[in-house]
Amino acid sequence: MDGGAIAQFLPLILIFAIMYFLLIRPQQKKVKEHQAMVNALRRGDQVVTQGGLIGKVAKVKDDGELEVEIADGVKVRVVQSTISQVLNKTEPAK
């Protein structure tokens with residue numbers, strides 16, 4: 001390859017590098033933060049689901065599910081990864 005061929009590919013390489021640092025890398029960081037938040041859920045945390053339901057975690061199951069109490073005596077099963085936000089964290093048991 002001569003210098004002309006490298007000069008033709010340089011803009012493509014620069015565009016890919018810019019896309020990586022502006023789009024791909026921040027998205028990967030966001031996914032890791034969400035995964036850490038979901039893994040740290042425990043009983044008593046007040047959460048918001050992607051569907052907009054606000055409730056309190058009643059039980060954390062091993063198979064990627066949560067039992068969320070959305071009203072007194074009303075519990076629903078929710079997939080853990082659909083939790084979008086934790087409003088109130090409970091303190092860890094001592």
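Start by selecting Arg 77, which is exposed at a relative accessible area of 62%; exposed means over 50%, buried under 20% and partly exposed in between (1.4 Å probe, protein chains only). This is a predicted model, where local features need pLDDT of at least 70 and side-chain atom pairs count only at pLDDT 80 or more, while totals for chains, interfaces and linings use all residues. Numbering runs from 1 along each chain as its sequence is written, and side-chain values use heavy atoms, without hydrogens and water.

Arg 77 lies in strand β4 (residues 74-79) and Glu 65 in strand β3, so the pair ties together parts 12 residues apart in sequence. Strands are DSSP runs of E, at least two residues, and helices are runs of H or I, at least four, numbered from the N terminus.

The structure holds 2 salt bridges. For the other stop, select Asp 45 and Lys 89, whose closest N and O atoms are 3.3 Å apart. Asp 45 sits in the loop between α1 and β1 (46-49), and Lys 89 in the segment after β5, 44 residues away. Asp 45 is buried at 0%, whereas Lys 89 is partly exposed at 45%.

Next, select Val 57: among the residues it touches are Asp 45, Val 47 and Leu 66, leaving out those up to four places away in sequence (contact means heavy atoms within 4.5 Å).

Technical notes: Salt bridge = Lys/Arg side-chain N within 4 Å of Asp/Glu carboxyl O.
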